[in-house]
Amino acid sequence: MKPIPASTRGVRLAPLALLLLATACDTGSPAATAHAPSLPAVKLAATGGFSATVRRTSHGIPHVLAQDYAGLGYGYGYAFAQDNLCELAQIVVTVSAQRSQYFGPDATYPATLVGNIPNLKSDFFYQSINDAGTVEALVAQAPPRGPSAEVRELVRGYVAGYNRYLRETGVDALPDPRCRGAAWVRPLTELDLFRRYYQLSLLASSGAFLTSIVDAQPPGPLPDGALPVPLTLPDVLPAGAIPKATDLGMGSNAIGLGREGTRNGNGMVLGNPHFPWEGSERFYQVHLTLPGQLDVSGASLLGVPAVLIGHNAHVAWSHTVSTGFRFTPYELKLVPGSPTTYLYNGQLQQMTPRPTTVLARKADGTLEPRTHTFYWTRFGPMFDFPAGYMTWNALTGYAFRDVNATNFRVLDQFLAMNRAGSVDELRQAQDYWQGIPWVNTVAADDQGRAFYADSAVVPHVTDEMVARCVLSPVALLVYQSAKLPVLDGTRADCEWGTDADAVEPGMFGPGRMPHLVRQDYVTNSNDSYWLSNPAQPLTGYDRIIGDENAARSLRTRLGLKLVQGRLAGTDGLEGQRFTLEQLQTVMFNNRNHSGELLRDGTVALCKRTPFILAEDGRLVDVRAACPVLEKWNLRGDLDSAGGVLWRQFIARIVPVTGGPYLVPFLPTDPVNTPRGLNTLHPQVVQALGGAVQVMRDRGLPLDVSPGTVQRAHRNEARIPYHGCGDPEGCFNAMGGRLLPDYTYVPFLGTSFVMAVSFTDAGPVGRSVLAYSQSSSPASPYFADQTWLFSRKQWVDMRFTEADIASDPELSVTLLQE
């Protein structure tokens, strides 16, 4: 490893404005008929070795330059390991089913959608996948079902780069104290990374139901003469009873602007994913250049050697978590006395037991084998989900079918998007690979066109199928409450359908999925495709993809208002249409839309009702809250006095029976309704009293500001952060964990923020990675961007060779082996 003189730095060539498509096709696949434009042969490493140049600019952002895909992965893997080796090493322990071995079976780890997962259950889940050779079989397929030569080379190089850093540094000398000298840190294999990508594909489906799949066991025999006790079903399931990515904080905002929405007449994109600040779903910022084939800048999830959210010379894009389901349960009718025998199409079928064994550390440090048995059906594994009343009993059971179980197209999908030269080519890439597992896409290009698509993988379950296959009381309850189809597992005609243009059987093809191209704008903030642009609602799609003519979230409505106000020139900023600087301002203006809609009514309620009987029976004097709320600036800035009190109030009125609004939702005015606070509703009145009382119980002044109680911990520093909770209707949504001292630490929320404008001279980008580039407390990049985020400051996304060379903190490293 040695520095390179400035005079020998490589020169970036113009990126190829073509799509990366399959170098081989499985002719038995429906997608084999898709058009694949001719491309230059993949640039393979001539000797099997690796070579890359890593230029780091301010805040540790690596710009990797190589002459082939293996070298590109090599440089990326090395740079990433310098910053986040411990995180990826722990991910590898998880997908290798070794958490119980190293950390104990009873310990837990945080998972994005489902809270803390016990190590033993996690190990059983992933070991069952590994025992079946699932990933190995998927990797062995030809493209487009399996990985392309480019992806294989990227992964080969990434593994070599990571392993070189580990070899040079040594486990015992790693700078990150969290894994220094740890027995669980080892060199990577290509299979480790491929298992990681499969884990990401399952994140919003099997991964979200991991414990329910592990918990599913046949019921014991009933006593002689006893009859099964029928379930007592409620009228409706509580909100969130069926976990979806969009219900559990996993969300995002994105705005795509076309020529009619920008001052310079070119495209512009704002990306604002709301992902975890800790754990396996953090982002890492990078710039990858392969002259003549690839030049892309943005962010990836840990261990992924392609840009997931970013831009190239011609198109920029971001993603938001989609509302579509990636799975369906199947309700099975079981044979009395034999709960592993089920009826299918008039025939009896036996479940297949799949035992799996892992090693678990005992209290004395020795290891013992632990064994668990999964039960598989023709649809997938059995699962047990009491919250949704899908429980395995003597007569009925539920199998879990996952549309992403065969999706190994993810990395090729994003690599193809990295090389797209326009929104048209971006869409072609999505239509060909069909590998996006659970997100929408919002994009814009240098021709001034804005693009929205929900092209994520969705089971082929039409509304007509729901009408004839969702029949039982449990299935009807779940569908009524969560719109999740629980299908009749006794009939072949309730198997998933397929489309001729689908790459895999059982999923909707791209022709059945929503998309939109506009000259003004498109947006998404985790509601369905319906109101991507209110001037052109998208309708007529099957309900499993998303809802239509239904109320939007406060964050969705605020996102639309931010754009509409700018284009109308009514938002207080100069002129009409967006400049890049105004897009940045809009991102962090921290407007609280619930406050804009409901604060005045709350103040009137406060003044009219000075004493309120709270739910716990205490009489609360709320008079001091009235002037605090009246003076509050309706924002979630660091100094927004009263913002914390408002959060407590909103948290109590969100679940109000019948809703807290005076004006109901109107499909003809979806951006502005519902609105107006129903101050006569007794739960609304109690909510105000409860909010005031909880602040006093915690010893917090009623006018305390978010910057006082919202703190990101970075070593000894406590960095204040702005933003507010999703229920409050903040675009800059920040979900925090409440600590015993009544302060919040960030968990889910604004993570990688990117604003990109195309100009006649090329793309200009600004970004901030809110939790900083490195997760290591020993790194100089552990807290630097967190301070920038706190101050609403941004980083220049240096894209051209001149931009990179002019960075005052530039360092250059040549890697070769």
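Are Cys86 and Cys179 buried or exposed? Cys86 is buried, and Cys179 is buried as well. Keep in mind, as you look through these views, that the model is predicted.

**View 1. The disulfides of the chain.** Let's start with the overall picture: the structure holds four disulfides. If you number the bonded cysteines of the protein chain in sequence order, they pair as 1-2, 3-4, 5-6, 7-8. Three of these links get their own close-ups below.

**View 2. Cys86 and Cys179 form a disulfide.** Here the two sulfur atoms sit 1.9 Å apart. The torsion about the S-S bond of Cys86 and Cys179 is about -75 degrees, so this disulfide is left-handed. Cys86 belongs to helix H1 (residues 69–95), while Cys179 lies in the loop between helix H5 (149–169) and helix H6 (190–201), so the pair ties together parts that are 93 residues apart in sequence.

**View 3. A disulfide joins Cys469 to Cys494.** From S to S, this link spans 2.1 Å. With -90 degrees about the S-S bond, the link of Cys469 and Cys494 is left-handed. The pair connects distant parts of the chain, 25 residues apart: Cys469 is in helix H10 (residues 463–469), and Cys494 is in the loop between strand E19 (487–488) and strand E20 (515–518). Cys469 has 1% relative accessibility, so it counts as buried. Cys494 is buried too, because its relative accessible area is 0%.

**View 4. Cys724 is joined to Cys730 by a disulfide.** The S to S distance is 1.7 Å. The link of Cys724 and Cys730 is left-handed, with -75 degrees about the S-S bond. Cys724 is buried at a relative accessible area of 3%, and Cys730 counts as buried at 1% relative accessibility.

Methods:
Residues are numbered from 1 along each chain as its sequence is written. This is a predicted model: local features need pLDDT of at least 70, side-chain atom pairs count only at pLDDT 80 or more; totals for chains, interfaces and linings use all residues. Side-chain values use heavy atoms; hydrogens and water are left out. A disulfide is a pair of cysteine sulfur atoms within 2.5 Å. Helices (H or I, at least four residues) and strands (E, at least two) are DSSP runs, numbered from the N terminus. Buried means under 20% relative accessible area, exposed over 50%, partly exposed in between (1.4 Å probe, protein chains only).
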